[in-house]
Amino acid sequence: MTRVKRGYIARKRRTKIRLFASSFRGSHSRLTRTITQQKIRALVSAHRDRDKQKRNFRRLWITRINAVIREKGVSYSYSKLIHDLSKRQLLLNRKILAQIAISNRNCLYMISNEIREKVDWKEYTEII
């Protein structure tokens, strides 16, 4: 059986992994087995935290909108605003509403007042 020399292919694979882990500390950037384990762990964390980041930003936007809406009138809340927006079929998502709430509160107040006037108030009086 002839001797197989497969030096540069394996070295190429290892150097590619080492480049990924070059910023890691200690043996996580020096030992090949540890590098592969840490690479898998890093990619799993990145995938998981992308979803977590989306959730956190949505929570932040909801909090900002709710805080600005409740400043003006205690009887009006975030959930009523979103309900009225969907009834009026206005396509404003939470990110845009939060940006409006931060940059121009009066604009958000105008939007909420316009929606409140057009929506039938009998629903709210029946609930209360």
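Trp61 is partly exposed, at a relative accessible area of 22% (buried is under 20%, exposed over 50%, partly exposed in between; 1.4 Å probe, protein chains only). The model is predicted: local features need pLDDT of at least 70, side-chain atom pairs count only at pLDDT 80 or more, and totals for chains, interfaces and linings use all residues. Residues are numbered from 1 along each chain as its sequence is written, and side-chain values use heavy atoms, with hydrogens and water left out.

The structure holds 2 aromatic pairs. Rings of Phe, Tyr and Trp (its six-membered ring) pair if their centres lie within 6.5 Å; planes under 30 degrees apart are stacked, over 60 edge-to-face, and the rest tilted. Phe20 and Phe24 pair edge-to-face, with 6.2 Å centre to centre and 85° between the planes. The ring centres of Phe57 and Trp61 lie 6.0 Å apart with planes at 35°, so this pair is tilted. Phe57 and Trp61 both lie in helix 2 (residues 32-72), 4 residues apart, about one turn of the helix. Helices are DSSP runs (H or I, at least four residues), numbered from the N terminus. Phe57 is partly exposed at 41%.

Phe20 is partly exposed at 34% relative accessibility. Phe24 is partly exposed too, at 25%. The charged end of Lys39 sits over the Phe20 ring, 5.5 Å from its centre. This requires NZ of Lys or CZ of Arg within 6 Å of the ring centre and within 35 degrees of the ring normal.

Ile96 is in helix 4 (residues 94-103). Ile96 is partly exposed, at 35% relative accessibility.

How values were computed: Helices (H or I, at least four residues) and strands (E, at least two) are DSSP runs, numbered from the N terminus.
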